[in-house]
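Trainee: Before we go through this one, could you put the sequence and the model on the screen, so that I can follow the pairing residue by residue?

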Amino acid sequence: MKKISEIESAYLKKDIPDFKPGDTVVVSVKVPEADKFRIHDFEGVVISRRGSGTNESFAVRKISFGEGVERVFALHSPTIDKITLVKKSKAKRSKLYYLRERIGKQATKVETEQ
């Protein structure tokens, strides 16, 4: 196990902010187009985080044109350009799947940190 963790440590990103479920983040993703890459920003509320090491991933949810959109990102993926923390919030749970049933402004409401 020690050898595996040593090899994996070379692939881990160092510039990841400390974010938890409930926080609002902007994930800049590299999208390939023909012979170059374009940066696409996806802003939303982190609804879950799972895994560890190179297998760690997180899910982000946003409301786009009245429709809920979720994307799951691998945290240490080379397609992620950067992750920016917009707003910290305090959630009482580690998985915020209850936001899926909420409509309108309540879908983005998470208890704010004092």
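Trainee: Which residue of strand 4 does Phe-58 stand opposite?

Mentor: Keep in mind that this is a predicted model. Strand 3, residues 57-64, pairs with strand 4 in the antiparallel sense over 8 bridges, and within strand 4 the residue opposite Val-60 is Arg-71. For Phe-58, the residue standing opposite in strand 4 is Phe-73.

Trainee: Which residue in the hairpin of strand 3 and strand 4 takes a positive phi?

Mentor: The hairpin of these two strands has 2 residues between the strands. A positive phi near 55° is taken there by Phe-65.

Trainee: In what order do the 5 strands form the open sheet?

Mentor: The pairing in this open sheet is antiparallel. Its edge strands, each pairing on one side only, are strand 4 (67-74) and strand 5 (80-87), while neighbouring strands are turned by 40° against each other on average, direction ignored. The order of the strands is 4-3-2-1-5.

Trainee: Is Glu-56 buried or exposed?

Mentor: Glu-56 lies in the loop between strand 2 (36-50) and strand 3. Leaving aside residues up to four places away in sequence, Glu-56 touches Arg-49, Arg-50, Gly-51, Phe-73, Ala-74, Leu-75 and His-76, and from Leu-75 it is 19 residues away in sequence but 5.7 Å away in space, C-alpha to C-alpha. Because its relative accessible area is 15%, and the cut-off is under 20%, Glu-56 counts as buried.

Terms used. Residues numbered from 1 in each chain as written. Predicted model: local features only at pLDDT ≥ 70, side-chain atom pairs only at ≥ 80, totals over all residues. Heavy atoms only, no water. Pairing = 2+ DSSP bridges. Helix = DSSP H or I, 4+ residues; strand = E, 2+ residues; numbered from the N terminus. Axes fitted to C-alpha atoms, helices over the stretch in contact; angles between N-to-C directions. Buried < 20%, exposed > 50% of the residue type's maximum accessible area, 1.4 Å probe, protein only. Contact = heavy atoms within 4.5 Å.
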